[in-house]
Amino acid sequence: MLAVPPNSSKPPVVSIRGLTKVYGNGFKALKSVDLDIREGEILALLGPNGAGKTTMISIICGLVNPTDGQVTVGGHDVVRDFRETRSMIGLVPQELTTDQFETVINTVSFSRGLHGKGKDTALIERILKDLSLWDKRNNMLRELSGGMKRRVLIAKALAHEPRILFLDEPTAGVDVTLRRDMWQVVNKLRQTGVTIILTTHYIEEAEEIADRVGVINAGELLLIENKRTLMKKLGSKQLRLELTRPIAAVPPGLESFELKLIDDGHALIHDYAADETLGNGHDSRIAALMKALAAADVPLSDISTHQSSLEDIFVKLIGERA
């Protein structure tokens, strides 16, 4: 399956074809992955530990060589044209790798120079302020908390104004304030056309911020889809009907709706497709159910619905491939 972003007239900013990685011990971390990522989108990659997310990012960033396949960034091959592709990429890794005896502002400024960019005091100040690091700019990194050090990694990745930003589990083990600050920065970057690829265990973050969602497991890209389309296609809704008095069984004539009686007869559950809606003006299955309940004189006291979250869909997909 070639995961091509829909409705994109521009060439992909990242193009992956047949990407395979086999380590020396025989472990196959990636299995012929195909993926196109368009400029300016936010793509969330979901998968359990060991799924291949970090390996794929490492290959795109030129940190690991592929066993087979090709990756291009901005039209340049990541192996052959390493300098060109790396200059377009900002990477926030999982590991807190920093020089403990350097100051925050020097660390971030050095990162900009390392990518061949000239001094820009105003830009560095803006990045540090956006990440609530300005007050700590003259502190040595060893004086910072783990959350603050992660902010510094994000600032370093942004210092050379990359076109593509990889965030590899960026909010793992950090406080709520950092998450809020970081997503504000991400939204600002998206508005300027920066492409963002995010891996996360916080599935609610992907649901909140991503345009498309990819699910990777055991080195295979199982699915990649527009977030809303994915939730519509694979999501489900559940209608819960609270009863004013318990009933012993589902009344005759309602068998076709596959109702489940729960809570000692105090409630009925009906599972239905996400595109079936209440009160849509059509004689939908849900509307038909409500008419049948009224005709059967089922005493309702309350009605509520629950829709599958992205986490529900993710767990279902992984479970089906286990």
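Biologist: By class, how many nonpolar, polar and charged residues does the lining of the second largest pocket have?

Modeller: Seven nonpolar, one polar and four charged residues make up that lining. Here Ala, Val, Leu, Ile, Met, Phe, Trp, Tyr, Cys and Pro count as nonpolar, Asp, Glu, Lys and Arg as charged, and the others, Gly among them, as polar. The model is predicted, so local features need pLDDT of at least 70 and side-chain atom pairs pLDDT 80 or more, while totals for chains, interfaces and linings use all residues. Residues are numbered from 1 along each chain as its sequence is written, and side-chain values use heavy atoms, leaving out hydrogens and water.

Biologist: Which residues line the second largest pocket?

Modeller: Rolling a probe the size of a water molecule over the atoms shows where empty space is left. A pocket is an open set of points on a 1 Å grid over the protein atoms alone, where a 1.4 Å probe fits, with protein on both sides within 12 Å along at least five of seven lines; lining residues have an atom within 4 Å of a point. In this case they are Leu123, Arg126, Ile127, Asp130, Leu158, Glu161, Pro162, Val185, Lys188, Leu189, Thr192 and Val194. Helix 4 (121–130) and helix 6 each give two or more residues, and the largest share, four residues, comes from helix 4.

Biologist: What is the volume of the second largest pocket?

Modeller: About 190 Å³, where a volume is the space filled by probe spheres set on the points, joined across faces, edges and corners. The largest pocket holds about 550 Å³.

Biologist: Which residues are closest to the centre of the largest pocket?

Modeller: Arg86, Ser111, Leu114, His115 and Lys156, out of 23 lining residues. Helix 3 (104–114) is among the elements that supply at least two residues, with helix 2 (82–87), strand 6 and helix 5 (146–158). Helix 3 has the largest share, five residues. By class, the lining divides into 10 nonpolar, eight polar and five charged residues.

Biologist: In what order do the strands of the open sheet lie?

Modeller: Strands of a sheet pair through backbone hydrogen bonds, either parallel or antiparallel. Strands (E, at least two residues) and helices (H or I, at least four) are DSSP runs numbered from the N terminus, and two strands pair if DSSP finds at least two bridges between them. The six strands here follow the order 6-7-8-3-9-10, with mixed pairing.

Biologist: In which sense do strand 3 and strand 9 pair?

Modeller: Parallel, with four bridges between strand 3 (residues 42–46) and strand 9 (residues 212–217). Leucine 45 has glycine 214 of strand 9 as its bridge partner.
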